[in-house]
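User: I'd like to go through the aromatic packing in this model. Can you start with the terms?

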Amino acid sequence: MPLSFPVSLLYGISQSISGRIFDKIGTRIGMVMSIGLWSVAAALHAFSKGIVSFSIFRGLLGLGEAGNWPGATKSNAEWFPVKERAFAQGIFNAGAAMGAVVSAPLVAYFYGAIGWRTTFLLLGALGIIWIIPWLIINKAMPAKHPWLTEEERTFILDGQEPQNVVTEEKSLPLKTLLGFKKTWAIILSRFLLDPIWWLFVSWLPLYLSEKFHFDIKQIGAFAWFPYVGATIGSLGGGWLTGYWIRNGMQVNKARLRAITLGGAIMLLPSYLVVWPKHLPWPWVLFSLL
């Protein structure tokens, strides 16, 4: 059984329930729960004794990691007015991509310097450390956060659509949500787009190993390159959407136009990427994807 299967399985399960959990307990504690679970799972890899225990810890890793995405999106909606929300989300996505850029060579270095078990322990410790500034900085919602000026508070709250303002109302049941066309549009878009990201995460190292005979250190040194393209796309798409909205375009139309433009850019490279036999052309095409 491929080691990526437990991660993908529990990641998908967590995606379906973590958003509901965040709605009930709030973004602040929800992120602590999600990142805490991810960090502990990462550290537990160091104690694996074989394929079974390693797969279990991989599954726990996916269970914790998935909550980060609905949590970050919810936090974005809480803290940014509509006209700035796309760019804010782009920054978040770019941060995830840049994390891959930085972590790939660093993990490869630590793998060679201190071994894979200690590397997993180090990664788990970094996740736990991240929780500390999160709790300090995100101590309250915008309406009550003591670090905001009244001007900043008004800018954030007045720029949100009424239905997006956080209230004490209960979340809609799943049956009701599935009755909305927008819900199915999101489900379909994630079904079609997420495999591209997981292609980079799961398949790219194998591609480099089998096609170009890279070892672990070489994969760490070069596998980060496509994530630079993801960073540029996240920032550029978010900025462009916000630019259109600020210049009078309807919100949904601006977002749809940005998505369509991104899909058009991906179309040709997705067919051409199987042909190049020499670097750096695969990097160029992966970056466009």
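Analyst: Buried means under 20% relative accessible area, exposed over 50%, and partly exposed in between (1.4 Å probe, protein chains only). This is a predicted model: local features need pLDDT of at least 70, side-chain atom pairs count only at pLDDT 80 or more, and totals for chains, interfaces and linings use all residues. Residues are numbered from 1 along each chain as its sequence is written, and side-chain values use heavy atoms, with hydrogens and water left out.

User: How many aromatic pairs in the whole structure?

Analyst: The search finds 7. Rings of Phe, Tyr and Trp (its six-membered ring) pair if their centres lie within 6.5 Å; planes under 30 degrees apart count as stacked, over 60 as edge-to-face and the rest as tilted. One of the pairs is Phe54 with Trp116, edge-to-face at 6.2 Å centre to centre and 70° between the planes.

User: Where do Phe54 and Trp116 sit in the chain?

Analyst: Phe54 is in helix H3 (residues 51–65) and Trp116 in helix H6, 62 residues apart. Helices are DSSP runs (H or I, at least four residues), numbered from the N terminus.

User: Is Trp116 buried or partly exposed?

Analyst: Trp116 is partly exposed, with a relative accessible area of 33%. Phe54 is buried, at 16%.

User: Which residues do ring pairs link into a cluster?

Analyst: Phe54, Trp116 and Phe120.

User: Switching to Thr119: what is it in contact with, sequence neighbours aside?

Analyst: Leaving aside neighbours within four places in sequence, Thr119 is in contact (heavy atoms within 4.5 Å) with Val107, Phe110, Tyr111 and Ile114. Thr119 lies in helix H6 (residues 116–137) and counts as buried at 5% relative accessibility.

Note on methods:
Helix = DSSP H or I, 4+ residues; strand = E, 2+ residues; numbered from the N terminus.
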